[in-house]
Amino acid sequence: MKFEKVNNPMFENIELNKLFFTDYLPILSPQCVKVYLYCLYLTSEGKEFTFDSLAGDLRMEQNVLEDCFVMLQASDLLTVQAGVVVINDLALNELNKSYTLRTAKNPLQSNLSDEKRKEHVQMMKSVSDRFFGGNMPPSWVNQIELWQEKFSFSSDVIFMLFQHCEMNRSMTKAYVRAVAEEWHKQGIKTGGDLGKYLEDYDEYCKMRSMIAKKLNIKRYFNEYEESIIKKWYFTYGYTMTIVEIALKKSVYRTNATLGTFDAIISDWYRNDLKTVTAIEEYEAQRKKQYTGKSTEKPKIQSVQGDAIRSNFEQRKYDDSFFDKISGVGIDELKSAGGSNDG
């Protein structure tokens with residue numbers, strides 16, 4: 001006797017590992033997600049396909065489809081070999097990334113004292129319990145150890161990194177990694193460094209909000225716009241009072257962008273202008289020079305005309321020539337007058 005289960009293929013489920021949502025979805029384009037999900041469906045059905053038929057099914061240009069396959073292979077979500085598409089096992093991918101045969105201790109851990117090692121273990125547990133419900137994926141463990149080794153982050157900085165990202169309502173690996181890299185650029189290593197930075201960061205956020213309000217921008221700034229505003233605040237050390245001087249110039253400019261204002265503000269920085277007074281004097285002087293040039297009347301150059309006239313030989317006339325001309329004219333007038341007499 002044996003047991004059998006009756007399944008209707010139309011109502012079967014297609015499994016999708018949670019790792020796809022945590023590690024892959026945030027970095028994939030919508031087109032790649034669309035292609036990947038449809039490939040999962042084709043795999044479950046055991047169907048064959050061509051690029052032409054797949055592009056038609058997905059209502060997608062074939063070159064876009066091919067680019068998606070390249071990205072999915074680069075992300076290790078699938079493998080294409082000899083015309084066969086293999087959907088990779090995400091759990092196995094994670095094990096391959098996490099498990100490395102070692103003949104010695106972890107280089108990071110080997111340099112730690114017993115006290116520091118205990119602190120590290122406690123930090124990992126705290127991060128796992130607080131932000132992952134006690135089940136932190138191995139990929140995050142590897143990522144944290146990489147940041148500690150590469151950026152020299154202390155344990156409290158790592159914990160505050162996750163806390164900061166949670167407060168900003170974004171716990172994707174791509175976002176946390178971006179914040180970690182930004183903190184590294186700012187020279188943050190210890191909790192004290194981070195405390196000072198976060199104070200400045202709060203002021204920066206206030207300035208960013210004011211800029212958006214002044215320019216009537218009702219969306220989030222993109223990565224490149226953020227880098228411009230960060231440069232004004234962190235690199236140039238300019239406050240909103242100074243930045244607003246540049247923003248006011250938008251009244252006289254059509255389609256002004258942050259790039260437009262960046263050119264103005266960067267010019268002030270290159271000229272070592274650090275106060276409102278110095279900037280206002282600088283701008284007043286520039287305006288005076290510009291106004292002077294625009295109101296100056298151009299001088300009429302007659303040299304070219306004189307040179308042209310000098311190319312012609314001047315004719316000379318004597319008295320008999322003028323007498324002849326005047327006589328002809330008088331006789332014609334007289335004859336014309338006689339012809340009109342009635």
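Let's start inside helix α8, where the buried residues are Ser139, Trp140, Gln143, Ile144, Glu145, Trp147, Gln148 and Phe151. Here "buried" means under 20% relative accessible area, "exposed" means over 50%, and "partly exposed" covers what lies in between (1.4 Å probe, protein chains only). Helices (H or I, at least four residues) and strands (E, at least two) are DSSP runs, numbered from the N terminus. This is a predicted model, in which local features need pLDDT of at least 70 and side-chain atom pairs count only at pLDDT 80 or more, while totals for chains, interfaces and linings use all residues. Residues are numbered from 1 along each chain as its sequence is written, and side-chain values use heavy atoms, with hydrogens and water left out.

Helix α8 covers residues 138-151, which makes 14 residues, and it reaches 20 Å from its first C-alpha to its last, close to the 20 Å expected at 1.5 Å a residue. The expected span is 1.5 Å times one less than the number of residues in the helix. Just after α8 comes Ser152, with a positive phi of about 60 degrees.

Now look at helix α2, residues 30-45. Its 16 residues reach 23 Å from first C-alpha to last, close to an expected 22 Å. Which residues of α2 are buried? They are Cys32, Val33, Val35, Tyr36, Cys39, Leu40 and Leu42. After α2 comes Gly46, whose phi is positive, near 65 degrees.

Most residues other than glycine have a negative phi. Arg59, however, has a positive phi near 55 degrees. Arg59 sits in the loop between α3 (51-57) and α4 (62-74), and it is exposed because its relative accessible area is 72%. Asp76 is not a glycine either, yet its phi is positive, about 65 degrees. It lies in the loop between α4 and β1, and at 32% relative accessibility it counts as partly exposed.

Strand β1 (residues 78-81) pairs with strand β2 (residues 84-87) in the antiparallel sense over four bridges; pairing requires that DSSP finds at least two bridges between the strands. The two strands form a hairpin with two residues between them, and Ala82 in the turn has a positive phi of about 50 degrees. Gln81 has Val84 in β2 as its bridge partner.

Next come the aromatic rings. Rings of Phe, Tyr and Trp (its six-membered ring) pair if their centres lie within 6.5 Å; planes under 30 degrees apart count as stacked, over 60 as edge-to-face and the rest as tilted. By this rule there are 20 aromatic pairs. In one of them, the ring centres of Phe131 and Phe159 are 5.4 Å apart and the planes stand at 55 degrees, so the pair is tilted. This pair links distant parts of the chain, since Phe131 is in helix α7 (residues 114-131) and Phe159 in helix α9 (residues 155-167), 28 residues apart. Phe131 counts as buried at 13% relative accessibility, whereas Phe159 counts as partly exposed at 25%.
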